Amino acid sequence: MTDLSLVLPGGLPDKRQVAASFSRAAASYDSVAELQRDVGAQLLRRLPVNFVPSRWLDVGCGTGYFTRALAERFVAGHGVALDIAEGMLTHARPLGGAQHFIAGDAERLPLHDETCDLIFSSLAVQWCADFEAVLGEAFRVLKPGGFFAFASLCVGTLFELRDSWRQVDGLVHVNRFREFARYEQLCAASGLRTASLQTQAHVLHYPDVRSLTHELKALGAHNLNPGRPGGLTGRARILGLVEAYEQYRQAQGLPATYQVVYAVLEKPL
């Protein structure tokens, strides 16, 4: 596995914890997934206009929202939905959209070589510590001329929450993400041709800090990093967080910035 210690100090969370957290969030996820729907819709729009895959794979399908969107767009295609969280698959499977729903890891796809025309992944691969392996698996599974389209998160995501906590204590309270430059390096070295790769800020607003932290928990995306504080957070620290975050307040409310990476990569013929 690639050493990411210089890129992500402290490392990414254990994937078993990620899977368990998102499994628990399956029932509540769609009710608070405004950002996820917006990002996935933008990623869909970035696919080549006349591209019609005969077989596609949704990696990190979650509740299957974009599995169903892919099925609607590519009516004649054969769809496979994959997620590491069994709870998400249990939720998504009855809603349809794909011919197969399978448990699996983006770093070790349980598919044969050159079997997919499209691999689509929206806001999932940020949880993969070995992104080089993700790209390698995409290259292996794609047919020549196929596309790997992904949306991920990079450094700068939730900086308001991170900086507010930094004023309170020195513990890890916000998930860590790769630098955009690292995505650029890894994509360039992957053997896949970069059709497009850019970052875009999405800013959501909340009436108070509690609304933001409640949403992160409902999404299963609350703090999962090594070095996070154990047990309950004390009242004094919460009050300190609230006071620090209030410095960011805007007319629309408290901002939460997500730095989203959008990429469309093609496997050369």
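Select Leu118, Leu161 and Tyr258: of the 42 residues in the largest nonpolar core, these touch the most other members. A nonpolar core is a set of buried Ala, Val, Leu, Ile, Met, Phe, Trp, Tyr and Cys residues joined through side-chain atoms within 4.5 Å; buried means under 20% relative accessible area, with a 1.4 Å probe and protein chains only. The model is predicted: local features need pLDDT of at least 70 and side-chain atom pairs count only at pLDDT 80 or more, whereas totals for chains, interfaces and linings use all residues. Residues are numbered from 1 along each chain as its sequence is written, and side-chain values use heavy atoms, with hydrogens and water left out.

Strand S7 supplies the largest share of this core, 6 residues. Helices (H or I, at least four residues) and strands (E, at least two) are DSSP runs, numbered from the N terminus.

Next, centre the view on Leu161. Not counting residues up to four places away in sequence, Leu161 touches Val174, Leu212, Leu216, Leu241 and Tyr245; contact means heavy atoms within 4.5 Å. Then select Cys128, Leu135, Val141 and Phe180, which are among the members of a second, separate core of 29 residues.

Now display the strands. An open sheet of 7 strands has the order S3-S2-S1-S4-S5-S7-S6, with mixed pairing; two strands pair if DSSP finds at least two bridges between them. At the edges are strand S3 (100-103) and strand S6 (193-206), each pairing on one side only. From one strand to the next, the twist averages 15 degrees.

Within the sheet, select residues 55-59 and 78-83. These are strands S1 and S2, which pair in the parallel sense over 5 bridges. Val59 stands opposite Leu82 in S2.

Move to helix H3 (residues 34-45). H3 lies across strand S4 (116-122), strand S5 (142-153), S6 and strand S7 (254-266), and runs at about 150 degrees to S4. Axes are lines fitted to C-alpha atoms, for helices over the stretch in contact, and angles run from 0 to 180 degrees between N-to-C directions.

Which residues of helix H4 (residues 65-73) are buried? They are Phe66, Thr67, Ala69 and Leu70. Seen down the axis of H4, these buried residues fall within an arc of 160 degrees, so they line one face of the helix; the arc is that of the directions from the helix axis to the C-beta atoms. Their cover includes H3, S1, S2, S3 and S4.

Finally, view the whole chain, which has 10 helices and 7 strands. Buried residues make up 52% of its 269 residues.

Notes: Buried means under 20% relative accessible area, exposed over 50%, partly exposed in between (1.4 Å probe, protein chains only).
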